[in-house]
Amino acid sequence: MTSLTGTQETTRRGGRGARQRILNAAAELFYNEGINATGVELISAKASVSKRTLYQHFPSKTALVEEYLRMLRQAAGNLTDPPPSDSDSNPRARLLALFDSPDAADTPMRGCPFHNAAVEAAEAMPGVQDIVHAHKRNYIDGLTELARQADAADPQLLGSQLALLYEGAAALSTSLNDPAPWAHARTTAEALINQATRDVA
């Protein structure tokens, strides 16, 4: 009996799990190579599916980009969700933890995938813009709520300041391919939080 190759076996199984493989392949390629630079042919090859199968699950590349971002949003969760039982539930500590430096890696730093998508999509993918806007607004709302829980004098102001600081650290560390800006941002975040909570005391 002739053995099947991986791709043939996948085809014989009727493409079981094809949708998730497509999403996983797209997520890796979109983030590392860029949305505009990644074609459906490359995604299909990486996911071991035909272009026909890809389009059966996602009628267009835009639909795939939108679902990729929705998947990231779901994985990220909300800042105000209860923290894991083994983590610090102190709101101040949770705010500062957002600025912890990412581990140094051999691969280049690519920054925030939502920011990247907003830049690449521009006006060509309005659905993508809507998802990015919703995610960023939700993020600011989460920071504001944590600031309120930390007893900041003006939670909305502190939330907006920390959001701006976070975006700046993400952008600069990407531009420099260096995690150092995160350490500077954490120091600044701590000073902002201290000032905001000291104003209440």
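1. S44 is part of helix 3, which covers residues 40–47. The model is a predicted one, and the points below should be read with that in mind.

2. Is S44 buried or exposed? With a relative accessible area of 4%, S44 counts as buried, because the cut-off for buried is under 20%. Leaving aside residues up to four places away in sequence, the contacts of S44 are V49, S50, K51 and L54.

3. Helix 9 (residues 155–176) packs against helix 10 (residues 180–198) at an angle of about 170 degrees, and the two axes are 9 Å apart. The pair is therefore roughly antiparallel, since angles over 145 degrees are classed that way.

4. On the helix 9 side, the residues in contact are L158, Q161, L162, L165, Y166, A169, A170, L172, S173 and L176. Helix 10 meets them with P181, W182, A185, T188, A189, L192, I193 and A196. By class, this contact comprises 15 nonpolar and 3 polar residues, with no charged ones.

5. The structure has 1 cavity of 30 Å³ or more. The volume of the largest cavity is about 40 Å³. Its lining consists of F30, Y31, I35, Y68, P113, N116, A117 and E120, of which 6 are nonpolar, 1 is polar and 1 is charged.

6. Which helices each supply at least two residues of that lining? They are helix 2 (18–33) and helix 7 (113–121). Helix 7 contributes the most, with 4 residues.

Note on methods. Residues numbered from 1 in each chain as written. Predicted model: local features only at pLDDT ≥ 70, side-chain atom pairs only at ≥ 80, totals over all residues. Heavy atoms only, no water. 1 Å grid on protein atoms, 1.4 Å probe; cavity = no way out; pocket = protein on both sides within 12 Å on 5 of 7 lines; lining within 4 Å. Points joined across faces, edges and corners; volume = space filled by probe spheres on them. Nonpolar A, V, L, I, M, F, W, Y, C, P; charged D, E, K, R; others polar. Buried < 20%, exposed > 50% of the residue type's maximum accessible area, 1.4 Å probe, protein only. Contact = heavy atoms within 4.5 Å. Axes fitted to C-alpha atoms, helices over the stretch in contact; angles between N-to-C directions. Parallel < 35°, antiparallel > 145°, perpendicular 65-115°, else oblique.
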